[in-house]
Amino acid sequence: MIYLFCVVIVVSSAFVGRAITQKYVQRDEFFKELINFLHRLKNDISFRKIKLNELIDGYISKSKNKYSCIIAELFKNCNMDGRNLRFLKNDEKMIINNFVSSLGSSSAEIEVSNIDNFIENIKSISLACEVERKKNGILYYKLSIAVGIVVCVLII
Amino acid sequence: MVDGILPQRLKNLIEPFSERLEEIRLRRNAPVILRLGGKNIYLKYGSGEKVFASGQDIDEVLRRATENSLYAFNSQIKQGFITARGGIRVGIAGESVNSDNFMPTTIKNVTSLHIRIPHEVIDCSKNVFKFIASENEIKNTLIISPPGAGKTTLIRDIARKISELKNIYNCLMVDERFELASCVGGETMLDVGANTDVISGASKKYAFSFGIRSLKPDVILTDELMTKDDADACINAMRSGVKVIASIHAKNHLEIIDKQDFSNLIKGKFFERIVVLSNKNGVGSVDGIFDENLKCLYF
């Protein structure tokens, strides 16, 4: 019975660890998908000059990524207050908001130039998120399992 | 259709006139003018006071007409217009921004907009059609009319009626300004017939040349011949055996003969039928139909 209880504790602590690391995973995956979307945006604007709404609709229909709907909603309605974006920091939200609000108001050449600058900004954030995920994500996961094991040892 | 591009306050005021509405003129800090049934009237509040358009109204119309995607319309804006969904043409007046060699790159500080609403009038070509087409033959036709006399509506209906003939004629519609078929996302918003291919947004010179090679049309329909290149494209197509139905701005065929770039269209007898429209008895009034020798067939 005690051993079963210990197994439950270790498994629960693993889940807790996973939940803590989820934030780092979300940030990393979100920014990587955002960069993919921005490259697509740049190509469609510079080459085919597709209107923003059509572009976003096309992206949603073709992308199977779990963040595609969030990104589409962001670019369509500039909505930074949704629950889905809680993993973003305030300054990141501001950077994205400023970019999205300026989209669609200049020539294709300037749009492409703005997108390039924004991609550079996002790339540096994405890189930092990847480092964080590798460092802290794994650390907290292992730490919570370790805590679970320690609790089990104390109980036993 | 037009309420999609109007700000809410103007939408509510203009809504009662929407069925007969032909044009809207918005000028910064000036009264809004509507054109209904060929007549211009001021838009007024219930109290009788004139409605004025603000700079914000103009900016919002532009934003809505371009669907927040100005870059997608810059080639049109350089020419002074935007064609919005549904074939609504928005003419733009403002400050031209020029490149170093004085070619316009865009328009800024927009001062006024002229919104033209297309009206599909099914069967409006009923009286003209029998002179220009039959089951066995389509005639090269030039439609001459002043602005706003219904030539675009007529051409659109002619295309539709050609598709209804028992003999199948493949039509190519060269819709340079997105007004004839108003294609959005690959679909035509206006009825141009089931047997009609549409090339939108391309110059007539390109569309005629590549269209003939790649789509092998029996008939090409196009609107508003503007330049010598347009006229030459028509002549080359006709010489290739493709029938052409086109329109041009002028009061009548005599005015065309005086225009150096277009006189050959009449003098060369390329067009077997010349249809002259006016607004005399309402939009789309047929003043006359002539053959290639300028013999009157209908008056």
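Student: Which residues have the most contacts inside the largest nonpolar core?

Tutor: The model is a predicted one, and its largest nonpolar core has 54 residues. In general, nonpolar side chains in soluble globular proteins tend to be buried together. The residues with the most contacts inside this core are Met173(B), Ile220(B), Leu221(B) and Val275(B).

Student: Which helix gives the largest share of this core?

Tutor: The helix in question belongs to chain B and covers residues 151-164. Its share comes to five residues. The helix is α5 of chain B.

Student: Which residues does Ile220(B) touch, not counting residues up to four places away in sequence?

Tutor: Ile220(B) is among the residues with the most contacts inside the largest nonpolar core. With residues up to four places away in sequence set aside, the residues that Ile220(B) touches are Leu172(B), Val174(B), Phe208(B), Gly211(B), Ala237(B), Val242(B) and Val244(B).

Student: In strand β14 of chain B, which residues point one way and which the other way?

Tutor: In a regular strand the side chains alternate between the two faces of the sheet. Strand β14 of chain B covers residues 219-222, and the four residues are all buried. Val219(B) and Leu221(B) point one way, while the other way is taken by Ile220(B) and Thr222(B).

Student: Is Gln76(B) buried or exposed, or something in between?

Tutor: Gln76(B) has its place in helix α3 (residues 74-77) of chain B. A residue is buried if 20 or more other C-beta atoms lie within 10 Å of its own, and exposed if 12 or fewer do. Because Gln76(B) has 18 other C-beta atoms within 10 Å, Gln76(B) is partly exposed.

Student: What distance separates the C-alpha atoms of Gln76(B) and Thr106(B)?

Tutor: Leaving aside neighbours within four places in sequence, Gln76(B) is in contact with Phe81(B), Ile82(B) and Thr83(B). Thr106(B) is 30 residues apart from Gln76(B) along the chain. The separation of their C-alpha atoms is 9.0 Å.

Student: Which element gives the most to the side of chain A that touches chain B?

Tutor: In this contact, 13 residues of chain A meet nine residues of chain B. The elements of chain A that give two or more residues to this side are α2 (52-62) and α5 (108-155). The element that gives the most, with three residues, is α2(A).

Student: What radius of gyration does chain A have?

Tutor: Chain A has five helices and zero strands, and its C-alpha trace spans about 70 × 30 × 25 Å along its principal axes. A compact globule of 156 residues would have a radius of gyration near 15 Å. For chain A, the value is 20 Å.

Student: How far apart do the C-alpha centres of the two domains of chain B lie?

Tutor: Chain B is divided into domain 1 (2-116) and domain 2 (126-298). Their contact takes seven residues from domain 1 of chain B and ten residues from domain 2 of chain B. The distance between the C-alpha centres of these domains is 28 Å.

Methods:
Residues numbered from 1 in each chain as written. Chains lettered and ligands numbered in written order. Predicted model: local features only at pLDDT ≥ 70, side-chain atom pairs only at ≥ 80, totals over all residues. Core = buried A, V, L, I, M, F, W, Y, C linked by C-beta atoms within 7 Å. Contact = placed C-beta atoms within 7 Å. Rg over C-alpha atoms; globule rule 2.2 N^0.38 Å. Domains from an automatic or database assignment.
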